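Here is a briefing on one protein model, written for quick reading. Please keep the sequence and the structure open beside it.

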Amino acid sequence: MLSRRSCGVVGRRNSPAFVAGVHRQQQQQQQQFTTGVFPVGTSQQQLQQQRSNRRMLLTSKSSWLRPMMTTVLSMSTTAEEQEQSVEPSSSASSTPSSLVGIDWVREVVAAALNDIFDPKEIAKNAAIAKLDGKKTTKKNKKKKNVDESATNINQEEEQQQQPKLSEEERNSIIQSAIDAAQPFSIRDAMVTPATKPEFGDYQCNAAMSLAKSAGLNPRECATKIVDQLRPVIQDYMEEPEIAGPGFINFKFKEEYLSRALGVMVKDSMGRLGVPEAGDKKKIVVDFSSPNIAKEMHVGHLRSTIIGDTLSNVLSFSGHDVLRLNHVGDWGTQFGMLVEHLRDEFPQALSKETSKDVELGDLVTLYKAAKKRFDVDEDFKVRSREGVVKLQAGDEEALAAWESLCAASRVEYQKIYDALSIVGLNERGESFYNPYLLNVIKDLEEQGLAVESEGAKAVFLDGYTNRDGSPMPMLVRKSDGGFNYATTDLAAIRHRVQMETSDGGEKADRVLYVTDAGQSQHFEMVFAAAKKAGFVPDSVSLEHVPFGLVQGEDGKKFATRSGDTVKLKDLLDEAVRIAGEDMKSRMENPDEDFTDTIADVAKTVGIGAVKYADLSMNRESNYKFSYGRMLSLNGNTAPYMLYAYARICGIVRKATGQPDDQKVVWPEANDIIISHDSEKQLIRNLIKLPDVLSEVESDLYPNRLCDYLFETSQKFNQFYENCSVNNAETPELKASRLSLCTVSAATIRLLMGFIGINVVERL
């Protein structure tokens with residue numbers, strides 16, 4: 001059995017209007033009213049009333065009432081949203097000791113909303129407005145087409161048939177909205193990056209959403225918000241601009257830009273002034289997941305480097321991150337391999353001698369065993385019996401299996417070392433074997449796992465086969481064996497439900513970095529886990545899908561013979577090409593490589609492969625091209641490495657340091673803004689917390705690469721317009737050297753997240 005990870009969405013979050021806890025994401029709303037589950041802490045009287053409302057809604061035949069009520073009545077917030085509710089606090093109004101960014105702006109706006117408006121009153125008005133909304137459409141223009149006219153008549157007749165709510169039902173709905181109202185959260189603040197630089201740095205749309213429920217027009221509402229914010233943000237922002245119908249634009253003051261860059265330069269060898277997350281979580285990141293006794297191929301590249309990069313960013317943010325390697329170390333193929341070892345390497349079947357066995361090329365061994373399995377009937381029977389022995393804990397079978405696992409780890413580690421992957425904890429499919437029976441038992445007791453053609457399956461709403469029949473999620477085969485879904489359910493319980501004292505993780509968030517082809521599998525597994533009560537409401541399970549690596553022709557990336565490209569061969573080729581390119585640019589091309597140059601070629605070659613992958617939207621397929629990824633032009637690793645080395649050279653020249661020594665970065669100095677290109681570079685640099693926050697929430701590493709490239713471009717514009725070595729005054733030179741220091745530190749930090757070591761000379 002192959003690891004389900006190697007077979008073969010989390011999408012970007014929008015910023016919809018959430019008003020006073022009233023407007024919640026529609027899927028969560030629908031689930032609450034379908035299941036009748038309401039938040040912990042709701043009184044019995046409130047529960048009875050809300051469930052009564054729910055029954056009324058679900059039994060109503062009105063097509064207009066249900067969607068309206070999913071907006072008005074589904075007030076129950078998730079645990080995550082409750083944590084994000086912001087009361088006016090010292091953290092929102094006091095002077096931060098590190099950089100401020102979009103998260104801070106959202107907090108102070110949410111605090112202002114709570115000071116100005118009563119969430120219960122807003123919820124009440126929103127419910128009334130929804131109930132009193134027009135239920136007839138605007139008159140349609142005359143249609144020449146008879147069919148369209150008939151359609152309009154049918155729609156009008158349908159609207160006339162819609163039932164009216166009784167006064168008791170109406171009041172009950174309004175009261176439910178009031179009871180469920182929560183304090184304004186950072187989501188209600190509706191703060192986003194400005195759409196254009198001329199609009200400033202951030203934009204707030206809360207007034208547009210709140211105005212009607214607050215009994216104000218949007219500009220009046222925006223004015224109230226600005227008046228409340230002014231004393232809190234005046235040290236950071238220029239006077240907020242109310243634009244158009246009620247948008248609020250925020251722009252950092254030039255004085256703050258100078259202060260902020262000063263914070264970054266003083267912390268240039270550390271966090272660059274980026275604050276840690278206020279709400280620290282335990283996060284499990286499941287990635288890489290190769291198969292035992294098989295070589296890692298290009299398909300493992302994306303999972304490995306995407307998972308590692310996300311883990312690095314989340315760890316930097318202050319979260320407790322556990323990196324798990326869910327290797328494929330169990331299944332029917334191991335019976336075949338164990339029996340092959342019994343014949344060819346009998347010493348591998350003894351614990352005393354198995355460690356001394358040199359199994360050689362595991363791929364060759366696997367192919368040899370598979371060939372015997374296909375042609376030798378006796379060997380096939382022995383292999384199937386071997387699986388039973390292994391699962392039963394036979395000592396010889398286990399010793400052989402452990403030999404295979406140990407030999408595979410040695411080969412995997414070579415790849416991980418080349419890719420600079422550290423801290424990855426192996427926890428294969430076999431780890432969860434002891435928990436599988438209890439998963440089945442619990443599913444059966446809840447009536448979720450039912451008989452289906454001799455097997456056990458879970459049927460979930462919304463999943464059907466092409467013929468319209470219910471789609472089963474198998475959890476036990478007809479022969480008693482278990483499936484990928486069973487293992488994944490057991491893993492979920494271990495990661496989020498089991499107490500740490502019993503070996504569990506009690507994670508708050510679990511990420512699964514696998515190919516997009518497994519999206520439906522994880523959707524169904526997550527849905528089943530939640531339906532079975534394996535996942536607390538406070539825990540987030542997230543699939544992080546990625547697309548395929550293709551050849552330059554847009555087809556499957558393969559060798560000339562059509563075989564899957566081995567990851568080791570791919571990385572070796574990248575290093576070779578990078579080395580040849582460097583050698584061609586040497587003063588004496590016939591000169592032998594020094595160890596230093598060879599190390600740089602390795603950094604450039606492997607870094608180019610990683611960066612090219614991560615610079616793409618992870619959900620997209622991309623065409624693998626050594627030429628493009630090793631180019632010194634564009635958003636590539638060589639370009640970014642060159643940009644860093646160039647800044648090092650500028651600093652050396654300006655400070656009189658020798659070229660052959662490690663750069664000593666200048667001490668921090670006061671920041672002077674004398675040119676617009678300096679200001680634009682600083683505005684870009686201080687957005688680092690926003691970029692990291694976005695990657696943390698949305699899980700798209702390409703945002704790091706986009707920001708790196710943008711930073712290098714802004715630096716180039718600064719350097720073209722502002723001389724460092726020949727600055728007009730010593731103070732201005734010192735200021736510009738600080739800009740160089742922070743720019744280089746930003747590149748170094750983010751390249752480190754990607755797993756690429758920068759070089760000071762290239």
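This is a predicted model: local features need pLDDT of at least 70, side-chain atom pairs count only at pLDDT 80 or more; totals for chains, interfaces and linings use all residues.

Residues are numbered from 1 along each chain as its sequence is written, and side-chain values use heavy atoms, with hydrogens and water left out. Helices (H or I, at least four residues) and strands (E, at least two) are DSSP runs, numbered from the N terminus.

**Parallel sheet**

- Five strands make an open sheet, ordered β7-β6-β5-β11-β12, with parallel pairing; two strands pair if DSSP finds at least two bridges between them.
- β7 (424–426) and β12 (540–546) are the edge strands, each pairing on one side only.
- Neighbouring strands here are turned by 25 degrees against each other on average, direction ignored. Axes are lines fitted to C-alpha atoms, for helices over the stretch in contact, and angles run from 0 to 180 degrees between N-to-C directions.
- Strand β5 (residues 282–286) and strand β11 (residues 509–515) run parallel and are joined by four bridges. V284 stands opposite V510 in β11.
- Helix α20 (residues 484–497) packs on this sheet and touches β5, β6 (320–325), β11 and β12. Its direction makes about 145 degrees with that of β11.

**Antiparallel sheet**

- Three strands form an open sheet in the order β8-β9-β10, and the pairing is antiparallel.
- The edges are β8 (449–452) and β10 (470–476), each of which pairs on one side only.
- In this sheet, neighbouring strands are turned by 55 degrees against each other on average, direction ignored.
- β8 and strand β9 (residues 455–464) run antiparallel, joined by four bridges. V450 stands opposite A457 in β9.
- Helix α19 (residues 436–445) packs on the sheet, touching β8, β9 and β10. Its direction makes about 135 degrees with that of β10.
- Helix α21 (residues 519–531) lies across β9 and β10, at about 100 degrees to β9.

**Nonpolar cores**

- A nonpolar core is a set of buried Ala, Val, Leu, Ile, Met, Phe, Trp, Tyr and Cys residues joined through side-chain atoms within 4.5 Å. Buried means under 20% relative accessible area, exposed over 50%, partly exposed in between (1.4 Å probe, protein chains only).
- The largest core has 152 residues, of which F250 and L570 touch the most other members.
- α29 supplies the largest share of this core, twelve residues.
- Leaving aside neighbours within four places in sequence, F250 is in contact (heavy atoms within 4.5 Å) with residues including V105, V109, F199, Y202, L229 and P240.
- A second, separate core of 36 residues includes V458, L489, F526 and A529.

**Aromatic pairs**

- Rings of Phe, Tyr and Trp (its six-membered ring) pair if their centres lie within 6.5 Å; planes under 30 degrees apart count as stacked, over 60 as edge-to-face and the rest as tilted.
- By this rule there are 17 aromatic pairs.
- W330 and W401 form an edge-to-face pair, 5.3 Å centre to centre with 90 degrees between the planes.
- W330 lies in the loop between β6 and α14 (333–344) and W401 in helix α18 (residues 395–418), so the pair ties together parts that are 71 residues apart in sequence. Both W330 and W401 are buried.
- Y644 and W665 form a tilted pair, 6.4 Å centre to centre with 55 degrees between the planes.
- Y644 is in helix α25 and W665 in the loop between α25 and α26, 21 residues apart.
- The relative accessible area is 2% for Y644, which is buried. W665 is also buried, at 17%.
- W104, Y202, Y236, F252 and Y256 form one aromatic cluster.

**Helix α28**

- α28 (residues 702–721) has 20 residues and reaches 29 Å from its first C-alpha to its last. That is close to the 28 Å expected at 1.5 Å a residue; the expected span is 1.5 Å times one less than the number of residues.
- Its buried residues include L704, Y707, L708, F715 and F718.
- Among the elements covering the buried residues of α28 are α13 (298–316), α23 (595–614) and α29 (730–754).

**Loop glycine**

- G554 lies in the loop between β13 (549–550) and α22 (567–584).
- G554 is partly exposed, with a relative accessible area of 27%.
- The C-alpha atoms of G554 and F624 are separated by 8.9 Å, with the two residues 70 apart along the chain.
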